[in-house]
Amino acid sequence: MWRPDLTFDREAFIRESRPRLVKGLIAAAVGFLVIAVLSGPTLTLLLAAIVGLALYIPAWDRVPYGKVLSVGTVIVLVVLYPYYQQNMFEVPIFGGFPSVDTAVTMLIFIMMALGLNIVVGYAGLLDLGYVAFYAVGAYTAAWFASPHFSESIKSFHFGAVGVNEGSGGIHISIWIVLIVAAIFTAVIGVIIGLPTLRLRGDYLAIVTLGFGEIMPQVALNGDNLFNTGFNLTNGPQGINPIDPPGFGKTLEGAVGLPESYLAPGDNALGLFGNSLELYFWTALVLVLFTAFCSLRLRDSRLGRAWIAIREDETAAAAMGVPLMRTKTWAYAAGAFFGGIAGAYYASFKSGTFPADFYFNISVFILCMVILGGMGNIWGVIVGGGFLAYLNQEGLGNIGAWLNERFATDNAEWVRVWGEPIDVPLYQFGIFGVILVLVMLFKPEGLIPSARRKAEFEEGVSDEPLYDVTK
Amino acid sequence: MSTQASRIRLSPGYRPNPTTILGVTFVALILVWLVINLTKTPSEFYNLFLIGLTNGAVYGLIALGYSLVYGILELINFAHGDVFMLGGMLVATMTAGFGLKGEGDLILWGGILAMLLITMAFCAAINTTIELVAYRRLRGAPRLAPLITAIGMSFILQNIGLVWKGARPTSVDSILPRGEIFSIGGVAYTWNRFIVLVFTVPVLLSLIWLVQRTRPGKAMRATAQDRDAAAMMGINVNQTISFTFFIAGALAGAAGLLFALYTTNVHFTTGFRVGLIAFTAAVLGGIGNLPGAVLGAVLIGLIESFNNGLTWATPGSDWTTSIIFAILIVILVVRPEGLLGERTPEGA
């Protein structure tokens, strides 16, 4: 059990805080001035600068309960985000802060990135088909919480909310579906992993890519499996609507929790009036759960075995780490969180479509892990949030900003090009550039874990392709 | 008598392992499936065979590029398929620009030859640049680092293709003659298919000559075997690797030309799709092994066309990609050295 260090080491505190004082103040001053000049100074900008400085400068690790306090503050700030999002300042180029809708997607992608981080960051197995787990999770939600099977199954309800009593198909409460999806996806992870994890390095990457490419094809052609007429995935149309999460009438009456996320209704506290906010908080809980599990797993016996395998597979095997079992666990754990994220995303979007599961999503999630810093939870959270934001809102905002100033006749600054450019069109090129630049110049990521950084600087000896001995 | 009996056995104590039995059974089933289809619809079968052979030739050119690069750097050059795609797009631009459609024979063939040279040079230049920018700095890095930059380069090239020609497939002017050369069983073998082979076979032969008989080829083989030792023998390793990428790019360019003229269609995702098929072919034949790449490519081309076109007990074109990826997975898991490769302690 983790125990806080209750002694306050004054000297260490000052020693570690001092260099950050200068850095933090310079960064805050420059950032404040740039934003204030370009977008105008506001109260929220000042507050944000102060809160940022208060979190960054003091060495909170050295203060009793400091870490709990600082992380707790960040969590509280994120929880309150829907309330102050409207009042936030404008960031130059990027425009306003992400809407709550975007924030939900960001959190879900952060969760997937955290799951992939277990496979890529901890165990060092490059998985190019992570989207397969996302797909399995999403389709599990679609099977157990939608009218999809209404032809074969009359009506099976178990704790579902927001659906008519008599509607056909299977309707199971989303909370149970999340767990089922997680376990089912983990099992799929093990099934994919058992034959393939003997391969090392790039061969494993290609095999996972193969699975990742087969999955959307199965989804696409699954409306008539083996010409039997059995409709598993409803083909290119996808499956919708998928039921929303919720707590049902009994809990609403007793505790005041919302009955269904889509129609929160009147309840005791009146806090839960907005369905987007509900989705946001639930996603946040899931992300915190994933982050907590990741941290605890990393420090567990299993996690140390993963890191040992990543650093030197042969040495780890010689020290008695069972390679296959340890790697399979990494796959199962990564798949577990990918499955939850996929099921929750399907419920949030209220549908699942084969076109969501192509290779580029796998690379997109991989890009998050690599940009932030493989193996580091905080790095992956920042990388995942930023890239998901770019994908959802950011690129459009940047395009609008650029076109306003440089395009057409009434350009605000200088007319550089005639036609407005469509920045989101360059989405994948931008991800490609990020992958190349990060790998070339900062392979440990923007917020690296100290250990991973040392590995990249020292270099890893040449690995054989596959185990002769299994 | 007893000695006689024991001599008849293949070898005493020979027990085929389960994988071999499964593999042999599987191949036998495929042969049975092919024979039944042949007897049911012979003309269709010949036609599909010719289509498969033609596609296989194009895949072979691309697969050789993967194999060459893998042989020398042990790197899966993910961007290779997209280099091929850009070559195809350049051909689409040039056929329209030169106005080759409906020209006389001499101008037409001169134009095609000129386009071949331009496209090969173009793709070779792109491929060499990619090596210089994205892979050279990562020679000493962990092996996954260059693979990730390769994926990044692939995305960048796809985006270039998307911006260049738009999200819809680009059609290429159909300029190849389509007259009949000869016919088997009522199926005509047309010029446009024959031309693909006419271009492919000499390219393959000259490549084999280059690798086996010339000094740069010798340097390539030496670098592939042991980079440090090659450097000590006075071989300029960086230059040799650049040269390999140049050759691979030129092959991708030739494939791009043939593919664009033959299918008269290019799309920005073509490179990714065809690239992975060709990569599967290279793995099937034994990656790093040049004749293996061609053999694998022809097999994959045949499998693809038979699955797309045959009627009896066939999964159909919806599943073609899945089947090819399943082959990729099974080969990597069961026999990573491929059909013609040899198993070494370090792998293929």
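Visitor: Among contacts in chain A between residues at least 6 apart in sequence, what percentage join residues at least 24 apart?
Guide: Heads-up, this is a predicted model: local features need pLDDT of at least 70, side-chain atom pairs count only at pLDDT 80 or more, and totals for chains, interfaces and linings use all residues. Residues are numbered from 1 along each chain as its sequence is written, while chains are lettered from A and ligands numbered from 1 in the order in which they are written. A contact here is two residues whose C-beta atoms, placed from the backbone, lie within 7 Å. Of the chain A contacts between residues at least 6 apart, the part joining residues at least 24 apart is 70%.

Visitor: Which helix gives the largest share of the side of chain A that touches chain B?
Guide: In that interface, 37 residues of chain A are in contact with 37 residues of chain B. Helices (DSSP H or I runs of at least four residues, numbered from the N terminus) that supply at least two residues each on the chain A side are α7 (174–196), α8 (201–221), α14 (359–372) and α16 (427–441). The largest share, 12 residues, comes from α8(A).

Visitor: How far apart are the end C-alpha atoms of α7 of chain B?
Guide: Helix α7(B) covers residues 191–213, which makes 23 residues. The expected span is 1.5 Å times one less than the number of residues, so α7(B) should span 33 Å. The ends agree with that, being separated by 33 Å.

Visitor: Which strand of chain B do the buried residues of α7(B) pack against?
Guide: Buried means 20 or more other C-beta atoms within 10 Å of a residue's own, all placed from the backbone; in α7(B), Arg193(B), Phe199(B) and Leu207(B) are among the residues that qualify. These buried residues pack against several helices, including α3 (42–73) and α10 (237–263), plus the strand β3 (187–190) of chain B.

Visitor: In β3(A), which residue is the bridge partner of Ser146(A)?
Guide: Chain A has an open, mixed sheet ordered β1-β3-β2, where strands (E runs of at least two residues) pair if DSSP finds at least two bridges between them. Strand β1(A) runs antiparallel to β3 (170–172) of chain A, with 2 bridges. In β3(A), Ser146(A) is partnered by Ile170(A).

Technical notes:
A residue is buried if 20 or more other C-beta atoms lie within 10 Å of its own, exposed if 12 or fewer, and partly exposed in between; C-beta atoms are placed from the backbone.
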